[in-house]
Amino acid sequence: KIAALGNLQRLGDERLLQLLRWLDVSSLGRCCQCSCMMRGFAAAEELWQPLVMNQVLAAAGSENCCRDGFNGFSWKGRTWREAFLRSRSGPPPPRTARTPRIYSDVLYRGFFYAATELNPSWLSTETIQRVSHDISPHDFLERFEQQSCPVIVEGCVKHWPAMHWSRDTLVSRFGAVPFAAGAADFPLELWYDYAQSNTDDVPLFIFDKYFASRAPELLKDYEVPKIFHGRDLFNFLGEQRPDFRWLLIGFRRSGSKWHLDPNKTCAWNAVVRGRKRWLLLPPGCPPPGVHPSKDGAEVTQPVSLLEWFSNFYEELQRHVEANPAWELKEGTCGAGDLVFIPSGWWHCVLNLDDDTIAVTQNYASETHVSSVRRFLSERRDQVSGVSSARDRETLAERFDEALSRHRPDLLMANDTLRKAPADSKVPMASGFSFWDHLRSTGKSLSFEERDQKRPRLTEGSEQ
C-alpha cells in the first residue's frame, strides 16, 4: 500500500476518497493509471456517479432535459465510470493482466451492500391493520386519521387506469421525457436502462414532483381516493401551495430511508405495480441507527436502506419488545392497495420488485391543523416544498389567511386552545406526540430491574 499510494497512504482510506472527490473526470482518469491501488480508489462508483450526474445530466427540475454534451450518453455496462467512458471514447480496452487484489474496508462496504439480498425475516411480519376499499370517509377519519393509526386500504385503487403502467407502456408514451431521480433528471428510457443494470449499493429511483407539468397525461390515469377527496387544507392556497404529489418508480432493493413527511402533513401512497415494504414508528420514536438533530432539521443514518436493515433491524425488534408503546408497524403494500401514513410518524419504504410504481400525495388535514400551523410558524427554516426563501418565511401567514377565508372555524377553535389560561380545563393544542400515542394504546409504562443493571420498560395494565 505504501508503494502504491506513496505519501497519500497516510491519509487513510476515508480521507483519500474525500480528497479524490475534488477531482474532475480527466484527473480521476489519470489517477487510475498511477497504480492498481490508486485505480481501486479513483474508480470508486461513489466518485463517478456525482460527476456524471453533475456534468452530463441536467439538475432535477431543470428547464432543459440535458446539457451540452449529453447527446451520445447512454447507459452501457454496469457502472457509472464504464457508462461515461463508453459514451465518450467507446468500450474500454480489455485488461491484459490480472488485477491484484486490493484490501480496503471502505471500498468493500459499497460492494457488500450492493450484493446484499433481502433477508426473508425482514419481510415476514404483518402488523399494519388492513381494511377493505369500501370503508367510508367518516369511518376512515374516525378510526385511523383521528387516532393517528397507519392502515393499508386493500383494493383502493384497482379501478385506476394507472394500474396498466409498466416499463413498456410508460417508455412508449414518455421515453424522452425527463423525470427526477436523485439530484438529476433522466429521460425515462435512460433511467430504465440504468435501473436494469447497475451495481449501486444505493440504487437511484424516480421520485418526481414535476411529472404533472412534464407528463400531464399521467394525471388522467388516477384520482384522489374518496376517503381523502376534498380534505387537503393546503388546497386553499391554490398554485402557491407546497409540493404535494410525486411519481415513484424503483427497482428491487431501492427505496426511501427513514424520514418524517414534510410540514407535519399526512400522506397516502398507492401502488399500481409491484410491492413496497413499509416500516413505521410513532411520533418521537426514531429507530436505532437513525439520529435526528436536536431541532429535527437533519437526520444522520446509514448510507443505504440495506445497510440499515443489515445492522439495525434486529436491534429495532429487540427494542420494540422491551418498549411495547413503540408499537412498530410493518407491512407489505401490493398493487392496487394504498397505505396511509399519519402526521409525524417515522417511516421507511423498500421496493420488493423490479419496476415498482406508485403515486403518493401529502395533505394538510383538519385533524392535524394545529401541528401544521405550529410547524409553519415555529420551524420556518424547515418548511419545504416552496420555491423561494421568501415563500418559506411567509407560508405560515398565507396559510392562516387562507383558513380565515375558507375555514375560519378551524382558525378560531385552534386559537382558542392556544390562548387558554394555565388553570383552564381546555387542553392546549399540540401535535400528536409519543405521549399522545401512548395514551391512545391504553397502556402505561412501568419500570423493573433487568439483570440488576438497567431498568426496562414493560407493558402495564389498562388505565
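**View 1. Ser148 in its loop.** Ser148 lies in the loop that connects α8 (137-145) with β3 (151-154), where helices (H or I, at least four residues) and strands (E, at least two) are DSSP runs numbered from the N terminus. This is a predicted model, in which local features need pLDDT of at least 70, side-chain atom pairs count only at pLDDT 80 or more, and totals for chains, interfaces and linings use all residues. Residues are numbered from 1 along each chain as its sequence is written, and side-chain values use heavy atoms, with hydrogens and water left out. The phi of Ser148 is near 50°, a positive value in a residue other than glycine. Most residues other than glycine have a negative phi. Ser148 counts as buried because its relative accessibility is 2% (buried means under 20% relative accessible area, exposed over 50%, partly exposed in between, with a 1.4 Å probe and protein chains only).

**View 2. Asn263 in the loop between β8 (255-259) and β9 (266-273).** Asn263, which is not a glycine, has a positive phi near 60°. With a relative accessibility of 3%, Asn263 therefore counts as buried.

**View 3. The pairing of α9 (residues 167-174) with α10 (residues 188-196).** The two helix axes, lines fitted to C-alpha atoms over the stretch in contact, come within 9 Å and cross at roughly 150°, with angles running from 0 to 180 degrees between N-to-C directions. That crossing makes α9 roughly antiparallel to α10 (under 35 degrees is roughly parallel, over 145 roughly antiparallel, 65 to 115 roughly perpendicular, the rest oblique). Contact, meaning heavy atoms within 4.5 Å, involves residues including Leu170 and Phe174 of α9 and Leu188 and Tyr192 of α10.
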